[in-house]
Amino acid sequence: MDTILTALSYALAPSTLVVVFFASLFGLFVGAMPGLTATLATALLVPVTFFMEPVPALAAIVSATAMAIFAGDLPGALLRIPGTPASAAYVDDAYRLTLKGQAELALGAGLVFSVIGGLVGALVLVIAAPLLAEIALSFSSFEYFWLSLLGLSCAVFVATGKPVKGAVSLLLGLFISTIGIDVAAGYPRFTFGITELMGGVSFIPAMIGMFALSEVLRWAVGHRRAGVLVQQRIGNIFRGQLGLLRRYPLGLIRGSLLGTAIGILPGAGADVAAWVSYAVSKRFSREPEKFGTGHVEGIVEAGAANNGALGGAWVPALVFGIPGDSVTAIVIGVLYMKGMDPGPTVMLERPELLYAVFSTFFLANLLMLPFGWLAIKCFRRVLHVPREVLMPAILLLCMVGAFAINNTVFGVGIMLVLGVLAFFMEESGFPVAPAILGIVLGPLVEENFITSMIKAEGHVLAFFERPIAAGLGILTILVWAMTVRRALRPEPQIAVSAG
Amino acid sequence: MRRRQLLAAASASAIVALTATKAHAAWPERPITIIVPWGAGGGTDATARILASLMERELGVPVNVVNRTGGSGVVGHSAIATATPDGYTLGIVTVEIGMMHWAGLTDLDWRAYTPLALYNEDPAGVQVRADAPWNTAKELLDAIRSNPPGTFKASGTGQGGIWHLALAGMLAAAGMEPDRVPWVPSQGAAPGLQDLVAGGVDIVTCSVPEAKGLIDAGKVKSLAVMASERNPVFPNVPTLEEATGVKWTLGAWRGVAGPKGLPQEVVDRLVPLLKKIHDSQEFRDFMAQRGFGVIWKGPAEFAEFMAQRDASLGEVMKKLGLAKA
């Protein structure tokens with residue numbers, strides 16, 4: 001009890017609160033800017049944290065990343081530019097809600113369920129960190145191979161329209177993910193001797209191009225389906241959220257827990273959590289046909305999942321010094337600098353510091369309600385901007401975002417090429433979401449397959465030798481078999497606009 | 001006529017003088033960029049950021065760290081080499097500069113840079129699971145020798161990466177074929193170590209500080225360090241030579257460099273500055289906390305060091321069949 005009180009006195013100390021305040025503003029700004037990610041926010045904070053006490057230093061990172069992941073929903077919902085990769089999974093639903101004049105519902109759901117997901121992630125971190133870290137650590141490339149394959153099968157669920165077009169889109173994404181130096185043997189593929197291509201096609205310019213640029217193009221060619229914002233103002237964002245809470249309690253719990261679990265697994269973070277949760281939500285939804293057309297259910301579940309993943313990622317980082325995602329990779333460095341060396345002993349040696357950091361998780365997530373509300377208030381002004389002004393501005397923002405991730409004009413090129421490609425895909429009824437999923441998961445699938453095969457010396461059955469791997473393998477095969485069966489069975493035609 | 005000539009001459013010399021002062025006295029007059037060829041959060045990134053924040057304080061202009069990742073370091077290293085040599089773009093050059101041209105990934109080598117300062121070197125270690133049956137590096141080498149090739153697997157970085165060479169070189173120095181322990185490529189030391197604990201591989205030859213979290217957690221033990229001296233942070237880990245009699249050392253290093261042809265006045269200003277930072281308590285504390293090794297070599301020695309390492313790494317890579325040329 002003494003420890004908890006000491007911890008709270010650290011967490012609520014004025015110096016910590018001031019840091020949390022400014023870090024939150026900073027995180028909101030970074031998250032809302034396309035191309036600037038939560039990871040970047042953390043990296044930029046590190047030099048500042050050199051000169052801080054341990055608790056404020058870590059509190060700064062906690063609050064900035066939580067805000068950034070939420071703020072990524074803002075340009076996603078209003079402009080179809082996901083502010084961070086974690087918002088990409090449900091950007092279509094959020095944007096279409098705005099087009100339908102329900103921006104407050106999309107943004108409110110993003111905010112409220114981000115907060116709940118974040119709180120669940122923090123709770124899991126406090127209660128079960130050592131135990132869960134132990135489980136996560138027992139996963140080797142065999143288990144990860146099956147998990148990433150399961151993730152790929154999500155493509156079937158995130159796709160709207162004809163399954164075969166979704167499959168083509170997924171394969172295109174997988175192809176794009178093979179460009180660059182291959183993950184296993186270090187051999188350059190499809191690079192044509194261009195140094196920049198050796199690094200592969202960066203995910204963020206790809207994402208910005210495929211979602212946002214294609215939307216600008218559609219507007220520019222004056223297509224009838226182009227998004228025309230009917231909405232001029234945003235009402236009370238909190239209205240209707242209680243109803244959502246009552247309507248989708250299961251989805252909310254599932255999203256928060258699944259997101260946290262994916263966060264705990266090393267190598268997968270908030271972006272993968274959002275994709276998988278979105279797919280799971282659609283799979284178990286009573287109205288799966290509405291997904292992708294401006295349906296809030298996926299936002300509830302995936303919005304909770306990506307914020308849950310943030311807390312989850314700290315679990316292996318704190319207990320074993322193994323990063324759960326790219327943010328905690330940086331956090332580990334900060335922990336060492338502050339003399340809180342990661343390991344099970346950190347819980348025994350400096351419990352008051354650790355619990356103080358945990359408290360800031362709760363603090364940051366609760367602060368997100370007023371801060372997020374203010375951010376939405378400011379951001380909604382873009383709705384008043386005439387389209388003739390807004391669209392060129394979005395194009396500019398796309399360029400800046402694509403440039404910012406690696407500080408290279410090459411990123412702008414990737415964004416433009418893939419944006420044009422996505423425009424023609426959508427015009428022809430090919431959904432872009434599976435392609436994005438392919439770019440995200442392609443390297444994971446390939447790397448885990450190759451490394452497993454090297455370990456097994458080419459024996460395919462080794463994928464079923466470890467108990468967890470065998471279970472995951474059977475599950476994957478079942479899911480795939482069911483998908484194929486469903487695709488073969490003639491189904492009632494559902495008219496879904498794919499553009 | 002004469003007056004006009006005089007005027008022309010005067011204005012010409014004025015222009016020369018103006019531009020000359022601009023080039024001489026003014027550096028740095030605008031923000032400096034430090035390119036890091038590796039991702040945010042890694043060891044190279046962390047050291048670059050502390051250097052940058054200390055440089056910023058000394059120079060009075062912003063010093064920005066920019067991560068140019070991808071292509072096993074090729075992208076970032078070539079970005080440093082092809083930058084305008086005006087002192088406003090510098091970079092962190094790492095051990096891979098002496099490896100990737102041998103692997104045929106690029107033509108770049110250490111000659112493409114103006115070396116400024118070598119500040120860090122971390123030797124490879126030999127890590128196994130804490131419950132592994134071997135308690136010394138000698139027992140491990142004996143087990144590798146007495147079992148058929150491929151019995152044990154190792155990991156810690158990508159195919160042909162620095163820790164892969166550490167393993168292969170150790171096996172070769174111990175009189176075994178360098179591929180007797182197959183290499184399982186990973187995205188870095190942390191995923192490799194995780195696979196070690198999960199039972200996917202048996203040995204990880206990353207540096208000892210990289211394994212510190214898991215060593216402290218009692219999940220991993222370090223049997224030896226491939227250096228001529230023990231690491232003061234890990235005094236109980238013997239050197240490979242002490243443990244096995246095998247003479248083999250290898251480490252990953254990091255240094256500050258600029259593109260080739262950096263103006264002499266920039267070098268003259270930067271090198272003493274970097275030396276001062278290197279000797280500062282803040283830098284030493286940071287490096288010690290992370291367990292990073294500290295070393296200092298000025299421009300001439302650094303160049304010599306890179307040439308030497310380039311040759312020895314090329315030799316190992318050729319022996320392993322990892323070199324193209």
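Visitor: Which residue takes a positive phi just after α21(A)?
Guide: That's E457(A), with a phi of about 50°. E457(A) isn't a glycine. Keep in mind that this is a predicted model, where local features need pLDDT of at least 70, side-chain atom pairs count only at pLDDT 80 or more, and totals for chains, interfaces and linings use all residues. Residues are numbered from 1 along each chain as its sequence is written, while chains are lettered from A and ligands numbered from 1 in the order they are written.

Visitor: OK, and where is E457(A) found?
Guide: In the loop between α21 and α22 (467-488) of chain A. Helices here are DSSP runs of H or I with at least four residues, strands are runs of E with at least two, and both are numbered from the N terminus.

Visitor: Is E457(A) buried or exposed?
Guide: Exposed, because E457(A) has 10 C-beta neighbours inside 10 Å. Buried takes 20 or more other C-beta atoms within 10 Å, exposed means 12 or fewer, and partly exposed is in between, with C-beta atoms placed from the backbone.

Visitor: What about R80(A), buried or exposed?
Guide: R80(A) counts as buried because it has 24 such neighbours inside 10 Å. R80(A) sits in the loop between α5 (73-79) and α6 (91-99) of chain A. Its phi is near 65°, also positive in a residue other than glycine.

Visitor: Back to α21(A): how many of its residues are buried?
Guide: 18 of its 24, so to speak mostly covered.

Visitor: Where is the kink in α21(A)?
Guide: At L441(A), shortly before the proline P443(A), and the kink is about 45°. That bend is the angle between axes fitted to the seven residues ending there and the seven starting there.

Visitor: New topic. How many residues does each chain give to the contact?
Guide: Chain A gives 45 residues and chain B gives 46. Two residues are in contact if their C-beta atoms, placed from the backbone, lie within 7 Å. On the chain A side, the largest share is six residues, from α16(A).

Visitor: And which residues have the most contacts inside the largest nonpolar core?
Guide: W275(A) and L193(B), in a core of 284 residues. Helix α7 (residues 103-137) of chain A gives the largest share of this core, 20 residues. A nonpolar core is a set of buried Ala, Val, Leu, Ile, Met, Phe, Trp, Tyr and Cys residues joined through C-beta atoms within 7 Å.

Visitor: What does L193(B) touch?
Guide: Leaving out residues up to four places away in sequence, L193(B) touches I322(A), V204(B), C206(B), A211(B), L214(B) and V220(B).
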